[in-house]
Amino acid sequence: MREEETRYFRRIEARLDEAFDLAEAAKATGYDPKTEVEIPVAKDMADRVENILGIDGVAERVRELEGEMSREEAALELVTDFVDGNVGDYDSREGKVEGAVRTAVALLTEGVVAAPIEGIDRVEILENDDGTEFVNVYYAGPIRSAGGTAQALSVLVADYARSLLDIDEYKARTDEVERYVEEVNLYDKETGLQYSPKDKESRFIAENMPIMLDGEATGDEEVSGYRDLERVDTNSARGGMCLVMAEGIALKAPKIQRYTRQLDEVDWPWLQDLIDGTIGKDDGKAAKADDAGDDADEADDAEADPDADADDAESDAPDGPNRVEPATKFLRDLIAGRPVFGHPSAPGGFRLRYGRARNHGFATAGVHPATMHIVDDFIATGTQIKTERPGKAGGVVPVDSIEGPTVRLANGDVRRIDDPEEAEELQNGVEKILDLGEYLVNFGEFVENNHPLAPASYVFEWWIQDFEATEANVQALRDDPAVDLEEPSVEDALSWATEFDAPLHPVYTYLWHDISVERFDALADAVAAGEVVAAEADGGTTAALEHDNEPERGLEGTLVLDNTPEIREALEHLLVAHRQTDETLRVPVWRPLARSLGLTDDRERTWELDDLSERAREWDDGDNAVEAVNEVAPFTVRERAPTRIGNRMGRPEKSERRDLSPAVHTLFPIGEAGGSQRDVGDAARHRGESGKRGQISVRLGRRKCPDCGAFGFKSKCPDCGGHTEPHYECDDCGTVLEPDESGRVYCERCDWDVESAEWQDIDLNTEYRDALERVGERESSFQILKGVKGLTSANKTPEPIEKGVLRAKHDVSSFKDGTVRYDMTDLPVTAVRPEELDVTADHFRELGYETDIDGEPLRFDDQLVELKVQDIVLSNGAARHMMQTADFVDDLLEQFYGLDRFYEIEERDDLIGELVFGMAPHTSAAVVGRVVGFTTAAVGYAHPYFHAAKRRNCDGDEDCVMLLMDGLLNFSKEYLPDKRGGQMDAPLVMSSRIDPSEIDDEAHNMDIVRQYPREFYEATLRMEDPDDWEDEVTIAEEYLGTDREYTGFDHTHDTTDIAAGPDLSAYKTLGSMMDKMDAQLFLARKLRAVDETDVAERVIEYHFLPDLIGNLRAFSRQETRCLDCGEKYRRMPLSGDCRECGGRVNLTVHQGSVNKYMDTAIQVAEEFDCRDYTKQRLEVLEKSLESVFENDKNKQSGIADFM
Amino acid sequence: MPLETPARIVRALVGRGYNAEREAVTLIAGSDDPGRTLARVVEAAPDDALRITADHVREVLASAPAADPPGTAPTGPTAADAAAASDAVASHTAASDPSASGATSHDNAAHTSQSTPAEAKVGSGGRNVDPALRSLEIANDMTGQSTGTGEYDDFVKVFRDRYEKLSKMLRGRVNHRPAKAISNMSGGEDAELIGLVDDVRSTKSGHWIIDLEDTTGTFPCLVMKDKDIAGYVDELLMDECIAVQGTLSGDAGILFVDSMHFPDVPRSHRPNTADRDVQAALISDVHVGSQEFMAGAWNRFADWLHTEEAERIEYLLIAGDMVEGVGVYPNQDEELDVIDIYEQYEAFSEHLKSVPGDLDIVMIPGNHDAVRLAEPQPGFDDELRDIMSAHDARITSNPSMVTLEGVNVLMYHGVSLDEVIAELPADKASYDEPHKAMYQLLKKRHVAPQFGGHTRLAPEELDYLVMEDVPDIFHTGHVHKLGWGKYHNVLAVNSGCWQAQTDFQKSVNIDPDAGYAPIVDLDTLNMTVRKFS
């Protein structure tokens, strides 16, 4: 590590220590469940693993092994330690296997996710039918967060431990095997799997698996075939097991095989058959396609295979260019209000451009901010899109150094819009969006998704390398102020193309591949027959086109063509800027067009269709004119945009405070006394059955003061001020017990678990008044103070009400673990300008930034600076919320703990340099981050390594930040729910510094260069394997473990503002679902790349119909609820009234919620001419609704009734 | 040898070494003297012919004096016939070969001996029936009577009606005291209660607590695990009506149950029978429009109905799922042969036309039909009725009680069977023995007791799903499995289906019984099954 980084981490750790000391002092006052801070700091991964698992000695051993071997190997090595009893304190064989399996999963997930504690319930040793013993591993849903490799390896580890312990293999019964097959299918249908194994694969795995995979029921749907099996507890799908089997074993077979080969004790020869797909009786055509293993899009790709094969077979006569096959998967489950931007590979959709912008990479998509506006503001920074390739989804980032959209305006102008402001102005005048502009994808994305390189658009950064490869003196041109290499004049471009052997400059390269040879021929005729009028005399030129008529460009005058549908469409598809009137098409910049059409400068036609070679005429069945262009034009013309990428909107971006529903200010139970709002004030005034104000009965943990022996529920003894401990007393025999190592409290004599919680009658009124007084607040200092109905933690330890009072005062609310959180969509950024973060260069220098990316001293606000690894940018909303939290924390320190204030925030800038915790759902480790600035985008920008340390990528995922001091003071494990998943999403441990080797390795696949080599672009045309280019295009992985691991993240594309484009997606600003859907369909009609009928069809199919069907089903089997007391009834009481309170009972699903979409759906189906099948489904449903909700005897009578 | 049935013609041809096209067989059967025609056809057939075609027959017939086919003879071949023609020989053989139908075999000889040759006016179609002797009444039809508007009160009403009707059946056996009154009794007293099952749960020690509800409230009833009646608990479904007798606990908080009663069918039930030798065919789940619809089997069935052997069959009951429907499950369109729902019904109607026109037909809708899914399901609407006008079939709601010459047949499509099979132990109800699940419904005297689960309920004024009167025959379908048996003398029949195994069924391990027609003698309630697949 370099000096600079050492300083950086020390700085963070110094502030952390400062906070820690103060928090320890606060905790020492004894008001909290524990007297010390409950989030331990982990120095490295080994620490985290040990802390999460709670198994002593693991960290030390892990560190020993880490230097010698890979993490996977270390996991296997540890099995021996567990079996021999060197690590962990397990007596039973079950315990040893369990410890080894948990440790393996923890290791492979870098000790961050909750899978090792929540995803593995237990390990059992059971008996085979032949009397031998076998191992059963019992998985739970949260194993999902471990990912396929760790899941699969957990099985291998269990098997290894099994063999070392000399336990026999599991011998599955036939019905159990079939059960696996059925269950995996059921789970896939119900929840969905990344990879759906074929029946024979499931069967094969089940038959060969040497240990039994079992688990908790996770769904409601039950299997119908293989039910009530003796060794399977449930008839529902066991989600954890299904995941391990499908996404673990089936999908990662090649990876596991690598490790089984290293172990003598473990032999899984059947893996080879699984990998080869040579299993089962039938031809195995389906399974074989999956040997690559990782690609979930396989099915789609497989469909495409025949074509590709056909090409290969006739390689001697290639009849078209290399193209990736359209994939439709991203269109599945389309929902109302989230528009499709492009159908699969459809012309007019996004054009693939390679490169990485500074706010880009790691599952993001770079889109021009003008495009964001042009699609009716549906895309904002951070909006998730589901994409055709290379991955499945990505978060959108604004990049304005790529091309914007091309549109046809109502006034007849066809032009590209590269200015977001202009896009905003013209938004309403857009008649057709002919092209969405470019779509920036970085090379690493292809590596990560193991997707063959798709043919690249011809762009400046490629052309300039082509140009440099010629004899031209490019450096001289660069230095020449009269020459603009990126936007050259027509004259320059044509002369470079003809004089040197470089292809025509991309600015003048039109999309020839999008028109047919026939049309190309017609266009050549039309242009030859057109008329050139002097620019000055061209009355039709509008202000909007003036730019293109600047002297050096429009010197030749404007070309005027007859407006025929064929020619108009040809120009539109070529993306030639022009103006349309009723009779004419006016093309101001026409010379490159004419030359590409094989015309002379005098527009004389020098070729006939018959002159073209057969190859050019038949290229891509005559649908692609690019070969024809190359035969007739005096220069080489490359394909401008060979790869189009379809996509649609996924989730909208997010930047919102996380409130429980209803919001909770204090984790103090008040039962039903506070009404549905859980208002503590109301509850305190409430007269219960006793008639005394505020007397309530709630379940609370019983605690005992070790000093004076008094009992109570508070953590600090009200009598003597001592710190109390939970008191466990067996209800039956009265024995006082202590928790064992695993935290379990068990009464041997009575054979049951003992809890400290009991029903206690408390005087809430007094508690509440005392709390207000203690912190010196009045009830008027907040609107409402909300408690909870009951506590869900094991010991039912309540929070001091005082904390709630102060939270309510500052309008922040608590999560289930006592922390205050704010959620944001994750986005990466590797270099920033202080200016765009609404801070100054001074601020940055104070934070320790010294130079910009070029090594120049940091002096100005607009200098580009490489972001440090734990620095984060808060959205404006998050900053506001953090300020409120800081005020709350300061008040808490001062008024509750009686200590000094810590933050003293007066203005937003005071937040700069403060530390926060970043934490993702399904994980149990927080990462310390430092605030360096603010953004208007509704996202959290941070270094990709910061996100990866939380095990997030940036494909539209969101997670939260907490203020450091709030976490230290208010988090307690005591508050966590005592149920499956309760430990998830809680900061059980924190990482104070990020070690790039110990984060999700997805982030290592980000490329960090300034330029991709020319050969790379050429390789994309051959659709080569991205792995072969890792050496030429450096990815971050290269520098792991070196001095450069924290720095040197270069990018190929800059962008002016990382928050450009709309602040919020239209999806969030439009009101009702109907408005959103109308806007979605309106946009579908405007977009050339979108088939609006298909969109309408899908909205009905995937949104309206399931909603209608689901609600109708729900209606006819619904629960009911008492309107007065909230009691729920599975079925309507025969008495009609509430059995609890005599109140009015009503339905939970009403007619209104069932048929809310009916009319709209029918209308959309009509308007967009959907299939009869769809229309009839709606018809049948409409009749069903009528039949259920209309009285046959009370229908509107027609005139016939009176005749 | 009389050669009036297609099967015999086929056999006769096979005996002479020929295969035959279906149409050829039809033509021979329809001729004045099939025996002579057949002989002439064989004689005239070219030496190298292995297969008698329709053309061969036409040639022969044209050379002879023309004969008008009688009205009841099968009409011209449909497209599906033509498609199935190639396997005509094999299938006809199977249909008439007892060994091929395995367990469901029937005895041709017995049938022949039971028939009444004296009355038989042998027509070429083989059927000789007198519709005047028939009677057919339908009760419990709620088509056009749906008054529910989906309000809370409608639900309350329907459950109250259920309680009223079912508790009445139990009143003779126990002396009911309202739940509220029991809660005011003192400990140790004896109490009897009739209620809908509101909840069943087990205690820590393995006993069972059943909450029973009447119109005054609920009361918990404890069934000790070691009592004989504990076995009943497994069979309980939510919202069925039972009666219990027992003693209140010391604190009067719970009732210790000594005996438990179900509305049930009385053991003494003596079923009604018809006064004459007449039969009904009970089928269901035709699924026309599905790629798996077995047109061949259906045509063989229809052909067979035209034969003398089938002439005593005067009633045809179809218990739902006429067509495969649209949108029943996701991406169903990919597995449809006929995608248009109206065309599906048209195709069904065409298939219905091929059964003898003199049959009395009754149809109820099922869950694949274009009718609301919530039960009771009203009969098809006018548009669909117009399409299915063939043979003046009677259309009624699901469920309905159809009385055929005095014999009460309860027709119900059977969606609740899935739930009964899922909830009850395998020995009480399974897909392999669907009739056992039907016994449970008979015992509970309700076709779909459990609310809130799989079965959907549409609230109406009355609970049309209660079996107020004991049926003599209980006919369901839906699960695509064939099963029948008698429960307290009630014949329970779950007819199979006319749809071959679907991919979905394959994936969940259901092997359907497709192409069977259960035939019931209405004078004896004896049943035989014919196989056509």
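The model is predicted. The contact between the chains takes 39 residues from chain A and 44 residues from chain B.

**Where chain A touches chain B**

- On the side of chain A that touches chain B, the elements giving two or more residues are α8 (174-190), α37 (1092-1115), β41 (1145-1147) and α40 (1172-1189) of chain A, and the largest share, 10 residues, comes from α40(A).
- Sorted by class, this side of chain A has 15 charged, 13 polar and 11 nonpolar residues.

**Helix α23 of chain A**

- In helix α23 (residues 565-574) of chain A, the residues A:Ala570, A:Leu571, A:Glu572, A:His573 and A:Leu574 are buried.
- The buried residues of α23(A) pack against several elements of chain A, among them the strands β10 (406-409) and β11 (413-416) and the helix α20 (517-529).
- After α23(A) comes A:Leu575, which has a positive phi, near 65°.

**Helices α5 and α7 of chain A**

- Two packed helices are described by the angle between their axes and the distance between the axes.
- Helix α5 (residues 93-108) and helix α7 (residues 147-164) of chain A pack at an angle of about 150°, and their axes are 9 Å apart.
- Because angles over 145 degrees count as roughly antiparallel, α5(A) and α7(A) are roughly antiparallel to each other, and their crossing is right-handed.
- The residues that make this contact include A:Val97, A:Ala100 and A:Val101 of α5(A), together with A:Ala150, A:Leu153 and A:Val157 of α7(A).
- By class, the contact of α5(A) with α7(A) has 11 nonpolar, 2 polar and 2 charged residues.

Methods:
Residues are numbered from 1 along each chain as its sequence is written. Chains are lettered from A and ligands numbered from 1 in the order in which they are written. This is a predicted model: local features need pLDDT of at least 70, side-chain atom pairs count only at pLDDT 80 or more; totals for chains, interfaces and linings use all residues. Two residues are in contact if their C-beta atoms, placed from the backbone, lie within 7 Å. Helices (H or I, at least four residues) and strands (E, at least two) are DSSP runs, numbered from the N terminus. Ala, Val, Leu, Ile, Met, Phe, Trp, Tyr, Cys and Pro count as nonpolar, Asp, Glu, Lys and Arg as charged, and the others, Gly among them, as polar. A residue is buried if 20 or more other C-beta atoms lie within 10 Å of its own, exposed if 12 or fewer, and partly exposed in between; C-beta atoms are placed from the backbone. Axes are lines fitted to C-alpha atoms, for helices over the stretch in contact, and angles run from 0 to 180 degrees between N-to-C directions. Angles under 35 degrees count as roughly parallel, over 145 as roughly antiparallel, 65 to 115 as roughly perpendicular and the rest as oblique. A crossing is left-handed if the near helix is turned anticlockwise from the far one by less than a right angle, and right-handed if clockwise.
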